[in-house]
Amino acid sequence: MRTVIISGANNGLGYACAKELALNKDIYLVLACRDHLKATKAVKKLKDLTQNNQIEAITLDLASLQSVRQFEAEFAQKTLPPLRIIICNAGVQFIQRRTYTEDGIETTFAVNHLGHFLLVNLLLKHLKPPGRIIFVSSDTHDPSKITGMPAPNFQAPNLLAHPELDSTLNDKSISDIGRTAYTTSKLCNILCAYELSRRLEKQGLSTEEHPITVNVFTPGLMPGTGLAQDYPPRAKIVWDYILPLFSFFPKINTPQQSGRALARLVEDPQLKNVTGKYFSGLQMIESSQESYDVEKAQQLWDKSVELVGLRKDKLIVQ
């Protein structure tokens with residue numbers, strides 16, 4: 001038996017992946033979700049569909065650093081099978097407004113990157129080898145790909161957390177700022193994953209015999225999910241109802257298709273020692289050139305430690 005934690009698992013990709021994993025009776029699933037009512041309904045639905053009762057929900061609001069800490073504290077009090085898998089899946093995108101969390105941090109950066117950064121660092125002491133950490137990113141992080149999204153704009157992480165301090169944004173529209181914040185956060189996911197992989201290996205916390213691997217998964221273009229919640233009405237209709245009708249196109253995936261691929265990535269025994277890689281579906285590919293910038297990754301890591309209020313002397317990974 002092993003425990004798997006999936007953030008944002010009450011719908012979309014997270015739910016589809018959870019459904020696949022729940023078919024394995026050797027897995028205990030923890031759905032880490034902001035909305036406890038929706039998560040509870042998802043748990044019931046999964047139990048009914050899979051006849052697997054080894055599923056529960058624990059509240060996790062990635063927009064609140066306190067909530068992330070409460071999640072870890074609640075998880076630590078439970079007597080569950082060894083934690084082997086952490087899937088950092090939840091994400092948001094705001095293109096009509098700039099919003100901030102209760103901690104005063106821009107919401108897209110806070111949820112998509114900082115919340116998961118803190119979650120993983122807090123859970124590392126519970127994660128047992130062979131362990132796997134998977135960050136869900138997006139091809140929109142790569143300006144060499146045609147995605148319809150602006151290129152990421154990675155700057156000093158403090159400006160990503162506090163864009164009101166960035167004077168270069170004054171002449172940009174709210175939509176452009178929001179979409180760029182999203183693609184930048186997806187780049188941050190990859191920079192963070194690669195840096196964590198390097199640090200685990202360097203410190204001897206991940207070895208060939210006792211691996212803890214860190215990889216990145218992109219679901220491809222996957223309409224019909226909650227990511228369009230802040231889109232204008234017409235764009236939301238296209239995303240939620242029209243584009244899913246074209247899922248037979250090679251570059252458009254349903255949450256079910258991508259969920260199956262993510263579940264296989266979690267369970268594939270051949271990937272036991274594969275770390276620091278980027279997967280499109282089940283295919284290992286190169287991420288963007290910028291995502292391999294070690295200096296930027298270290299800068300992001302160090303500032304993230306400060307932004308989430310972690311004490312360096314208490315970190316599992318230094």
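D302 is partly exposed, at 37% relative accessibility. Here buried stands for under 20% relative accessible area, exposed for over 50%, and partly exposed for what lies in between, with a 1.4 Å probe and protein chains only. The model is predicted: local features need pLDDT of at least 70 and side-chain atom pairs count only at pLDDT 80 or more, while totals for chains, interfaces and linings use all residues. Residues are numbered from 1 along each chain as its sequence is written, and side-chain values use heavy atoms, with hydrogens and water left out.

D302 makes a salt bridge to R199 (a side-chain nitrogen of Lys or Arg within 4 Å of a carboxyl oxygen of Asp or Glu); the closest N and O atoms are 3.6 Å apart. This pair joins distant parts of the chain, with D302 in helix α9 (residues 294-307) and R199 in helix α6 (residues 174-202), 103 residues apart. Helices (H or I, at least four residues) and strands (E, at least two) are DSSP runs, numbered from the N terminus. R199 has 13% relative accessibility and so counts as buried.

## Other salt bridges

The structure has ten salt bridges. In one of them E290 pairs with K296, with the closest N and O atoms 2.6 Å apart. E290 is partly exposed at 22% relative accessibility, and K296 is partly exposed at 23% relative accessible area. Side chains of opposite charge can pair when their charged atoms come close.

E306 and K303 form another salt bridge, with 2.9 Å between the closest N and O atoms. Both residues sit in helix α9, three residues apart, or about one turn of the helix. E306 is exposed, at 52% relative accessibility. Elsewhere, salt bridges with shared partners connect E195, R198, R199 and D302 in one network.

## Nonpolar cores

A nonpolar core is a set of buried Ala, Val, Leu, Ile, Met, Phe, Trp, Tyr and Cys residues joined through side-chain atoms within 4.5 Å. The largest one has 58 residues, of which F71, F109, I133 and L196 touch the most other members. Helix α4 (residues 107-123) contributes most to this core, with ten residues. In soluble globular proteins, nonpolar side chains tend to be buried together.

With neighbours within four places in sequence set aside, F71 has contacts (heavy atoms within 4.5 Å) with I5, V30, A32, I58, T59, L60, L119 and L123. Another core, of 32 residues, lies apart from the largest one; its members include C17, I55, V136 and L262.
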